[in-house]
Amino acid sequence: LKIAATAAAALMMTTAAHAACDAGEMVIKFSHVTNTDKHPKGIAASLLQSRVNEEMNGKACMEVYGNSSLYNDDQVLEAMLNGDVQLAAPSLSKFETFTKKFRIFDLPFMFKNIDAVDAFQASETGQGLLDSMQRRGLQGLAYWHNGMKQISANKPLLLPSDAKGLKFRVQPSEVLKAQFAALEANPQAMAFSEVYGALQTGVVDGQENTWSNIYGQKFFEVQDGTTETNHGVIDYLVVTSVDWLEGLDADVREQFLTILDEVTADRNGDSFQVNEEAKQSIIDAGGEVRQLTEEQRAAWVDAMKPVWAEFEGDVGAENIEAAQKINA
Ligand code: LMR
């Protein structure tokens, strides 16, 4: 009976969260994998949902499914092409089977901070990448920021040699696999929803992610500590299917894209702060956060940066150069 009551309560909550759609409204399902508050993507998705549901009432209705409750990132793009979900925002590391061009975002130490990432994305090259998967049926609509990646393990990591021989969870990206191979560590690709359990049971020893993900998924609870390396970036592509977008009435499409642009500008401006707050929450909860000396940081750069040469052909030397100019 207790189980039945709990299940009924859970069902009611789910129904309540998605009760806004009226008959005749076009339903826009948005699936993502992170927590829904205290997270750049979670907050942006909720804001998009409330604006669409208010301003497009009668025409469209958005349902957001966070926390991998509908799809994992390795399923969501296929589901989108099948018309089962209309919107997602996977990290740029999760498009390998569609394009190799996003590999530039995974190259370690390519961008010095999230402002540099923002400037690159706003450039002609960055905007052009939004259209790079049209032939495969996917349309990039916007970039959403998370932030810079930090690295954690079940032992202190101060020098690259500390990572040697350890198993690290990575997103499904060849660049990220090469990055850990360069440390003589063992990368293991795994869905986001499985990482906490894998760290807890020792299936992997460590991981890399942003403060908001390390806090939101509680990775810090099952790690010795997190080292502030800022060695890479996790950013998102808000993506839809070409067919769905083309099928919309022009006025509906325009209104939806305008709301999305405004939400993007609004939330991207706050993503750094959201991550800083998550870092502080980790510290407040007793998580260890380690800083590097300049020499130690230089050692991580030396160990990881050779990976660039491996992928120069995929991402284009001119794009690497453009990204570096932004850093200067
Ligand atoms: C990850 O898999 O670590 C991230 O891409 C999750 C996310 O969406 O931030």
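**View 1. Phe30 stands opposite Leu87 in strand E3.** E1 and E3 (residues 87-88) pair in the parallel sense over two bridges; two strands pair if DSSP finds at least two bridges between them. Helices (H or I, at least four residues) and strands (E, at least two) are DSSP runs, numbered from the N terminus. This is a predicted model, in which local features need pLDDT of at least 70 and side-chain atom pairs count only at pLDDT 80 or more, while totals for chains, interfaces and linings use all residues. Residues are numbered from 1 along each chain as its sequence is written.

**View 2. Strands E1 (residues 26-31) and E2 (residues 60-65) run parallel.** Six bridges join E1 to E2. Ser31 stands opposite Tyr65 in E2.

**View 3. Helix H2 (residues 40-55) forms a right-handed β-α-β unit with E1 and E2.** Right-handed here means that, with the strands pointing away from the viewer, the path from the first strand over the helix to the second runs clockwise.

**View 4. H2 packs with helix H11 (residues 250-268) at an angle of about 145 degrees.** Their axes are 10 Å apart; axes are lines fitted to C-alpha atoms, for helices over the stretch in contact, and angles run from 0 to 180 degrees between N-to-C directions. The contact includes Leu47 and Leu48 of H2 and Phe256 and Leu260 of H11, where two residues are in contact if their C-beta atoms, placed from the backbone, lie within 7 Å. The residues of this contact divide into ten nonpolar, no polar and three charged (Ala, Val, Leu, Ile, Met, Phe, Trp, Tyr, Cys and Pro count as nonpolar, Asp, Glu, Lys and Arg as charged, and the others, Gly among them, as polar).
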